[in-house]
Amino acid sequence: MGFRGSGLTPTRFAIVGLAVALLVAVPSFPAIRSIASASSSGHASAGLATDSVLPSWDNGLIRLSFPGPLPSFSVTSDQDARVTSAHTLVRVVELRANGTVSASAPFVGPNVTSTLASAPYLGGSEIWLNASLPVAHAQGTWGLGDEVLEEGISTRVAQITLTFFVNSSAAPDADSVRFQVSMTQWPWANVTDLLGLEIATTAAPSTTLADGTTLTSLEELANTTGHVVATLSWSSLASVGYTGGSGTTSLVGSARTIDPTMVTSTVRLQFAAVPGGYSHLEYDPWVDLNPTAFRIAPLPALTLTEPALVVIAAAASIAGLLAVVAYRARSNPPRARGAAATSAPRR
């Protein structure tokens, strides 16, 4: 009788045989490919309609809303309400060469008037907000932690038009909203000054704000996946026009600040490198959404070729056959040698 545990029993032999078969088969596999699953929204071009309760426009993929007070707005995905991006235009300022503020026109305040309207265009809908902003003398500097203080009651007024473009669901940029800032009749205190625009962003409850991958962008990230939920982007160029019909291109300097909680942010844009005193300014920031930001990517699937499947099937058959042999061996153990042939002697 051999010692217990020595040698290979039929069951162990079956396991070893299966392992050897798999080891032989793996080198013959082609390179394993990761199959990424992609989904399509399947939305057809949807008509854009106004919500009677909350001013909003929807193209079947995203919704542009104005929760108030104007000009606060948000862009939300129809597929996932957590994918949303909320912004407010705060003020327009006139800046001296040393960076101090000489005049300020807040978008929300006394004597500010605004109207909201819309019209369809080929491939989408155009929504515009016409506002009259009182321009007050102001003091302070324009930067992180600084406060702009308006002085007195202003009788000077600037005209601002914010035009939002919501493309149809069939358009290439159906998950984006561009908003054009057009300003006229700014009452310049000094033609050597320049203008600035301040935009505030507030993160949704399940997101945080972060610097964008470029100097002209701000990102909103999903807390659970770390994926980009939304991006606010702005151009480095703007168009200005002067009385008499001449025009030129302004270089746009920008500074973005994010509070320590990463919940609110301010973007300050300066329209520089052109003489002041222009009668018209036009500038186009935009918001992009990522409707799949909160989806966790599925585990990659393995692609097995037909030869590989044949090898695995053969190994499984061998293992099954060896298991049957082992079962029979246990069911019919061999009789002890000489035990049956020897009988007790007769007395």
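Let's start with a charge over a ring: Arg 178 sits over the face of Phe 165, 4.1 Å from the ring centre. Please keep in mind that everything I show today comes from a predicted model.

Where does Thr 163 sit? Its place is in strand E8, which runs over residues 149-167. Is Thr 163 buried or exposed? Thr 163 counts as buried, because its relative accessibility is 7% and the cut-off for buried is under 20%. Setting aside residues up to four places away in sequence, Thr 163 touches Glu 126, Ile 127 and Trp 128, and also Arg 178, Phe 179 and Gln 180.

Now stay with strand E8 and turn to the aromatic rings. There are nine aromatic pairs by the rule used here. One of them is formed by Phe 66 and Phe 164, with 5.2 Å from centre to centre and 80° between the planes, an edge-to-face arrangement. What does this pair link? It links distant parts of the chain: Phe 66 is in the loop between strand E2 (62-65) and strand E3 (73-77), while Phe 164 is in strand E8, 98 residues apart. Phe 66 and Phe 164 are both buried.

Phe 164 lies in strand E8 and Phe 179 in strand E9 (residues 176-184), so the pair ties together parts that are 15 residues apart in sequence. Phe 179 is buried, as Phe 164 is. Which residues make up the cluster? Ring pairs join Trp 57, Phe 66, Phe 73, Phe 164 and Phe 179.

Let's go back to the loop that holds Phe 66, the one between E2 and E3.

Asn 111, found between strand E5 (101-106) and strand E6 (113-121), is not a glycine, yet its phi is positive, about 70°. Asn 111 is exposed, with a relative accessible area of 59%. Met 262, in the loop between strand E15 (247-258) and strand E16 (264-272), is not a glycine either and has a positive phi of about 60°. Met 262 counts as partly exposed, at 40% relative accessibility.

On to the nonpolar interior. In soluble globular proteins, nonpolar side chains tend to be buried together. Here the largest nonpolar core has 54 residues, and Trp 186 and Phe 271 touch the most other members. Beyond its neighbours within four places in sequence, Trp 186 is in contact with residues including Val 92, Ala 103, Val 135 and Leu 195. Another core, of six residues, lies apart from it, with Leu 95, Val 101, Ala 138 and Val 148 among them.

Finally, the whole chain. How many helices and strands does it have? There are two helices and 18 strands. As one example of pairing, strand E11 (residues 207-211) and strand E12 (residues 217-222) run antiparallel over five bridges, and a hairpin of five residues joins them. Of the 347 residues, 37% count as buried.

Technical notes: Residues numbered from 1 in each chain as written. Heavy atoms only, no water. Helix = DSSP H or I, 4+ residues; strand = E, 2+ residues; numbered from the N terminus. Buried < 20%, exposed > 50% of the residue type's maximum accessible area, 1.4 Å probe, protein only. Pairing = 2+ DSSP bridges. Contact = heavy atoms within 4.5 Å. Core = buried A, V, L, I, M, F, W, Y, C linked by side-chain atoms within 4.5 Å. Phe/Tyr/Trp six-rings, centres within 6.5 Å; stacked < 30°, edge-to-face > 60°. Lys NZ or Arg CZ within 6 Å of the ring centre and 35° of its normal.
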